[in-house]
Amino acid sequence: MSMPVTAGEVAARLEEYGTSAFLVTVGDDGSPKVVHLALVWEGNSGGGSFRCTPGGGTLHNLAESGPVTLVFPPPEPGSHSMLVDGTGRVVGDGEVAEVEFVGGVLHRPAPAAPGDRVDC
């Protein structure tokens, strides 16, 4: 089963999941771009955002503010992944990206083998 993650829970979850994740953006042509990067959380129970310094391709994808997803792999095999949806944009001097927290879930573990079912 997937379990919701609120902005107020993010700091505690980062202690478990760490401060690096995969950032998924979409290019002008609709193609996805996935990069692994370090993140800083700036938030509280009311909301917040992640900051990071991705490369030029990701910054180009974020030049126009839009939806993005952060994927935090499970901290150990068989654990839930953490997925965070947000609004991505370029801020500051043009070399920093911000992902404003919109929502998050802990996503159920993957099956042991393709075709195997895992109870949700």
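1. Let me start with a tryptophan: Trp-41 is buried, because its relative accessible area of 15% falls under the 20% cut-off. Please keep in mind that this is a predicted model. Phe-50 is buried as well, with a relative accessibility of 0%.

2. Now to the rings themselves. A pair of aromatic rings is described by the distance of the centres and the angle of the planes. The count of aromatic pairs comes to three. For Trp-41 and Phe-50, the ring centres lie 4.8 Å apart and the planes meet at 55 degrees, so this pair is tilted. An angle of 55 degrees sits between the limits of 30 degrees for stacked and 60 for edge-to-face.

3. Phe-50 has another partner to look at. Together with Phe-72 it makes a tilted aromatic pair, with 6.1 Å from centre to centre and 45 degrees between the planes. Phe-50 belongs to strand β5, while Phe-72 belongs to strand β6 (residues 66–72), so the pair ties together parts that are 22 residues apart in sequence. Both Phe-50 and Phe-72 are buried.

4. Which residues make up the aromatic cluster? Trp-41, Phe-50, Phe-72 and Phe-101 form one cluster.

5. Strand β5 spans residues 47–52 and is mostly covered, with five of its six residues buried.

6. Which strands pair with β5, and in what sense? On one side of the list is strand β4 (residues 40–44), which pairs with β5 in the antiparallel sense over five bridges. A hairpin of two residues joins β4 to β5, and Asn-44 has Gly-47 in β5 as its bridge partner. Strand β8 (residues 96–107) also pairs with β5 in the antiparallel sense, here over four bridges. Within that pairing, Ser-49 stands opposite Glu-100 of β8.

7. Finally, a look at a helix. Is Asn-61 buried or exposed? Asn-61, which lies in helix α2 (residues 56–61), is buried, because its relative accessible area is 14% and the cut-off is under 20%. Leaving out residues up to four places away in sequence, Asn-61 touches Thr-25, Val-26, Gly-27 and Lys-33.

Definitions and conventions: Residues are numbered from 1 along each chain as its sequence is written. This is a predicted model: local features need pLDDT of at least 70, side-chain atom pairs count only at pLDDT 80 or more; totals for chains, interfaces and linings use all residues. Side-chain values use heavy atoms; hydrogens and water are left out. Buried means under 20% relative accessible area, exposed over 50%, partly exposed in between (1.4 Å probe, protein chains only). Two strands pair if DSSP finds at least two bridges between them. Contact means heavy atoms within 4.5 Å. Rings of Phe, Tyr and Trp (its six-membered ring) pair if their centres lie within 6.5 Å; planes under 30 degrees apart count as stacked, over 60 as edge-to-face and the rest as tilted.
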